[in-house]
Amino acid sequence: MKEHNEKKKTETCTYETQIAQLTEKMKEVLDHKRMRHTLSVADTAACLAMCHGADPYKAYIAGLLHDCAKCLKNKKKLELAKEYDLPVNDAARENPDLLHAALGAELAARVYGIQDDEILSAIRWHTTGKPDMTDLEMIVYIADYIEIHRKPLPLLEKARQSAFSDLEECMCIILESTLSFLGKKGAAIDPVTNETYAFYSNRA
């Protein structure tokens, strides 16, 4: 029992050190507004993880790094996507910001030293989602939408109410809201987002 407690204490210290270091690194690459959002996503993700039985430290780190590629210029996003051999569909060519999640996962591994596949996958899918997501993937996706600094969005309050009780229901609410919002704007929609909505709406 003592050995187990010592191991948990060591793991906690390691995570806390890693979080402190990554926080400083994010301050170097994100503007003030994006950093505020990032910290709020990390906090929200950790809280959701505790509620749903996921690892709060992994959730916090994924939230902390989820937008690490967000402030790159669009030209740089496209250059890195080519360098890392990432697929670029028509929607991403029209709006390179759609690449920031996949690029973020690459940078998390290549630049920020994250080797945990669960964390990398949560970063990778935090904008489009994907069918049959893990709890950690859903948690980061949802935290990005419901964090407290978000401007009012369609169905935001409904999503916040469901986030701590039913992750899949919350996913469906957010995806419905997102697709409706993008459709009204005439903005490019990643096909994976449509696939994700179809998956979760069929499970509702």
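Into how many nonpolar, polar and charged residues does the lining of the second largest pocket divide? That lining divides into 10 nonpolar, 3 polar and 2 charged residues, where Ala, Val, Leu, Ile, Met, Phe, Trp, Tyr, Cys and Pro count as nonpolar, Asp, Glu, Lys and Arg as charged, and the others, Gly among them, as polar. The model is predicted: local features need pLDDT of at least 70 and side-chain atom pairs count only at pLDDT 80 or more, whereas totals for chains, interfaces and linings use all residues. Residues are numbered from 1 along each chain as its sequence is written, and side-chain values use heavy atoms, with hydrogens and water left out.

**View 1. Second largest pocket, with about 230 Å³ of space.** On a 1 Å grid over the protein atoms alone, a pocket is an open set of points where a 1.4 Å probe fits, with protein on both sides within 12 Å along at least five of seven lines; lining residues have an atom within 4 Å of a point. A volume is the space filled by probe spheres set on the points, which are joined across faces, edges and corners. Of the 15 lining residues, P87, N89, L99, R124 and D190 lie nearest the pocket centre. R124 also lies over the face of W125, at 4.1 Å from the ring centre (CZ of Arg or NZ of Lys within 6 Å of the ring centre and within 35 degrees of the ring normal).

**View 2. Largest pocket, with about 1,200 Å³ of space.** Its lining comprises 35 residues, and K70, D97, D144, R150 and F181 are the closest to its centre. Helix α10 gives the most to this lining, with 6 residues (helices are DSSP runs of H or I, at least four residues, numbered from the N terminus). The lining divides into 12 nonpolar, 10 polar and 13 charged residues.

**View 3. Aromatic pairs, of which the whole structure holds 2.** Rings of Phe, Tyr and Trp (its six-membered ring) pair if their centres lie within 6.5 Å; planes under 30 degrees apart count as stacked, over 60 as edge-to-face and the rest as tilted. Y15 and Y57 are stacked, because their ring centres are 5.0 Å apart and their planes lie at 5°. The rings of F199 and Y200, with centres 4.9 Å apart and planes at 80°, are edge-to-face. Y200 is buried, at 1% relative accessible area, and F199 is partly exposed at 22% (buried under 20%, exposed over 50%, partly exposed in between; 1.4 Å probe, protein chains only).

Methods: Helices (H or I, at least four residues) and strands (E, at least two) are DSSP runs, numbered from the N terminus.
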